[in-house]
Amino acid sequence: MPQSVTYQDLHIEAHGPHDAPPLLLLHGWGSSARNLRPLADALSTSYRTHSIDLPGHGTSPPPPEPWGVPEHAALLHAYIENEIQSPVTLLGHSNGGRISLYMASTPSYADLVDRLVLISPSGIRPERSWRYHLRSGLAHILKAPFQALPSPLRTPALDWLRHSLVWRLLGSSDYNTLSGVMRETFVKTVNHYLDDELEQIHVPTLLFWGTEDTAVSRRQMGIIEESIDDCGLVELEGAGHYGHLDNFDTVLSGTRHFLENT
């Protein structure tokens, strides 16, 4: 594992005229730049598209330690500042949308964000079922005695617990497919919520959401739409969490119209 990860270490696909307006495409958790490639290819006739494999995804190396949203944003900011050298439109899907919302709402990054195009962005606190709260409570009860151990024993004991069958039964499918630094990165990232930061976003924003999306709810989209001054929502009838794949033509034409008229 590298001691550090910079944007020079990442797999980045850049296409389109060098002097065209820049778009930075950010995929969701567990995916890669490949997932957004059809959109990038179609938009690169008029825009300079930059599609990134985020750390630990696709062919990019994992971070040297568990990263959260701020560390990902700092990495992307360095890429925009040093390589693109102008404000960009961020096009993010799911967790890529979460990172986009964070950058647009953070004063030190907001000046380099021109517009947002977000497809089922995560980052808004969901309503949890009683099953979630039950699993979460059991996990805390199981973890408590291990955290009380002396430091030299705590880390291997917690590592044993995280690999136990009972722990895996309590975790989500995404969590259980991960290990090591990416498992902790997942925990830090998906528990970063931006509900209270949305009113700091002052750039034109376009949302897409599939009516059959079970990962992000219509309620969460409504919170984003109501909190950002200049924000519109397009519902994709019958589409799921990957609306850009389920209803590609609508997402492409809506994105083109938005970019040409804002």
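A residue is called buried when its relative accessible area is under 20%, exposed when over 50%, and partly exposed in between (1.4 Å probe, protein chains only). The model here is predicted, so local features need pLDDT of at least 70 and side-chain atom pairs count only at pLDDT 80 or more, while totals for chains, interfaces and linings use all residues. Residues are numbered from 1 along each chain as its sequence is written, and side-chain values use heavy atoms, with hydrogens and water left out.

**Helix α12**

Let's start with α12, which spans residues 248-261. Helices are DSSP runs (H or I, at least four residues), numbered from the N terminus. On one side, D249, H257, E260 and N261 are exposed. The buried residues of α12 are V251, L252, T255, F258 and L259. These cover an arc of only 135° around the axis, so they sit on the same side of α12; the arc is that of the directions from the helix axis to the C-beta atoms.

**Aromatic pairs**

Rings of Phe, Tyr and Trp (its six-membered ring) pair if their centres lie within 6.5 Å; planes under 30 degrees apart are stacked, over 60 edge-to-face, and the rest tilted.

| Pair | Centre to centre | Angle of planes | Class |
|---|---|---|---|
| Y7 and Y79 | 5.5 Å | 70° | edge-to-face |
| Y102 and Y109 | 6.4 Å | 55° | tilted |

Y7, in the segment before β1 (12-15), and Y79, in helix α2 (residues 69-84), are 72 residues apart, and their pair links distant parts of the chain. Y7 is buried at 10% relative accessible area, and Y79 is buried at 7%.

Definitions and conventions
Helices (H or I, at least four residues) and strands (E, at least two) are DSSP runs, numbered from the N terminus. The expected span of a helix is 1.5 Å times one less than its number of residues.
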